[in-house]
Amino acid sequence: MMMEASFDTEESFDDPSCLAPQPPGSVSPAKRQIREVKETKITINCVTFPLPGEGPEQQLLKPNEWSYCDYFWTDKKDPQGTNSVAGFEVLLQKQLKGKQMQKEMAEFIHERIKIEEEYAKNLSKLSLSPLALQEEGTLGEAWTQLKKSLHDEAEVHLKFSNKLHTEVEKPLLTFRGDNFKKDLKKYDHHIADLRKQLASRYAGVEKARKALADRQKDLEVKTQQLEIKLSNKTEEDIKKARRKSTQAGDDLMRCVDLYNQTQSKWFEEMVTTSMELEKLEVERIEWIQQHLRQYTTLRHETDMFNQSMVEPVDQLLQNVDPGKDRELWVKENKTGEVRPVDMDI
């Protein structure tokens, strides 16, 4: 992680005296200003931030909303290694994780469908069982209706599984198809390219900063040598060194200006793109919410249908009459109603 002091163009070289030669042993205004800015700003991984407690307090772009555009500006250390992960990369990983969660939810619903289909199949099979087929009377009617209700219930569960497939599983699977990952890559490449441009501009600033320091040092050495007669350098040499120092200062200002422009562009694109990712996440959550609510609606409907299947069984069970069943059975199976009597001698 690179951490360097940073400064803006206006703060460094807007005063011509910053580049003018200073008396030996004195500190130039440019150096004083750089030293002051070192206490207010810091550059981390080529991005410039204010130091804590320095300068005006920054206000959130979207207060009280926990918006993506406010909380992912710095890089995050990768727990798997020594490299850092850009804040924007964290947002992209969130999108990919959401896509995976959506896929796993669809798999879960698919397993639920298989259970419903198997349950319906077993209910239908059981409804055809010959067990207790010879039960008679009102109890026999109730038993027959109970077996029929299993067949009807099997139909309800089969319809439930079909609706789960068309109204829940399929929408979860098809929401944001294969092109979604391609779109995320476009976002990733766009922001990564801007970040590379920023790193290049920062390298240019550092190179120009070093060049300026070298020119200023060269100017100071030549000035001192001239004053103490240690060199035969002429005034023309001093002027030439001064021009080079001034040019190096101009180059540094130009590099800083280009850096700031690039960082501003990166900032704007980060805000815009992170807001788009935030919108995509809201849409994903609302889409899943909608179709999981459809699941619960279908589940309630299934319960209502099942209840309606049980009601006739309940009614017949309430009408079961042991006395009537005995009457019907006796009438059908009686062997004679004349009772035995005593034998006469």
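Tryptophan 66 lies in the loop that connects strand S3 (47-50) to helix H3 (68-71). Helices here are DSSP runs of H or I with at least four residues, strands are runs of E with at least two, and both are numbered from the N terminus. Tryptophan 66 has a relative accessible area of 67% and is exposed. The terms are set as follows: buried means under 20% relative accessible area, exposed means over 50%, and partly exposed lies in between, with a 1.4 Å probe and protein chains only.

This is a predicted model, in which local features need pLDDT of at least 70 and side-chain atom pairs count only at pLDDT 80 or more, while totals for chains, interfaces and linings use all residues. Residues are numbered from 1 along each chain as its sequence is written, and side-chain values use heavy atoms, with hydrogens and water left out.

**Surface and overall make-up**

Together with Leu60 and Tyr71, Trp66 forms a nonpolar patch on the surface, and the accessible area of the three comes to about 370 Å². Patches are made of residues with over 30% relative accessible area and no salt bridge; nonpolar side chains (Val, Leu, Ile, Met, Phe, Trp, Tyr) are joined within 5 Å, and like charges within 9 Å. Accessible areas come from the Shrake-Rupley method with a 1.4 Å probe, and for residues only the protein chains shown count as cover.

The protein as a whole has an accessible surface of about 23100 Å², and carbon and sulfur atoms hold 55% of that. Of its 345 residues, 33% count as buried. The secondary structure consists of eight helices and five strands, in the order β-α-α-β-β-α-β-β-α-α-α-α-α from the N terminus. Among contacts with a separation of 6 or more, 78% are between residues 24 or more positions apart; a contact means heavy atoms within 4.5 Å.

**Nonpolar cores**

A nonpolar core is a set of buried Ala, Val, Leu, Ile, Met, Phe, Trp, Tyr and Cys residues joined through side-chain atoms within 4.5 Å. The largest one has 29 residues, and Phe88, Trp266 and Leu277 have the most contacts inside it. Two or more residues each come from S3, H3, helix H4 (87-127), helix H6 (179-227) and helix H7 (235-318). H7 gives the largest share of this core, ten residues.

Beyond its neighbours within four places in sequence, phenylalanine 88 is in contact with Phe72, Tyr187, Asp188, Ile191, Met270, Thr273, Ser274 and Leu277. A second, separate core has nine residues, including Ile109, Phe160, Leu164 and Val168.

The C-alpha atom of tyrosine 295 is 9.5 Å from that of glutamate 169, although the two residues are 126 apart along the chain.

**Salt bridges**

The whole structure holds 15 salt bridges, each being a side-chain nitrogen of Lys or Arg within 4 Å of a carboxyl oxygen of Asp or Glu.

| Lysine 114 | Glutamate 111 | 3.6 Å |

Lysine 114 and glutamate 111 are three residues apart in helix H4, so about one helical turn separates them. Lysine 114 is partly exposed at 41% relative accessible area, and glutamate 111 is partly exposed at 41%.

Glutamate 116 and arginine 112 are also in helix H4, four residues apart, which is about one helical turn. Both glutamate 116 and arginine 112 are buried.

In helix H7, arginine 284 and glutamate 281 are three residues apart, about one turn of the helix. Arginine 284 is buried at 10% relative accessibility, and glutamate 281 is buried at 6%. Salt bridges with shared partners join these two residues and Lys94 into one network.

**Cysteines**

A disulfide is a covalent bond between the sulfur atoms of two cysteines. Here a disulfide is counted when a pair of cysteine sulfur atoms lies within 2.5 Å, and the count comes to zero. Cysteine 69 is buried at 2% relative accessibility, and cysteine 255 is buried at 12%.
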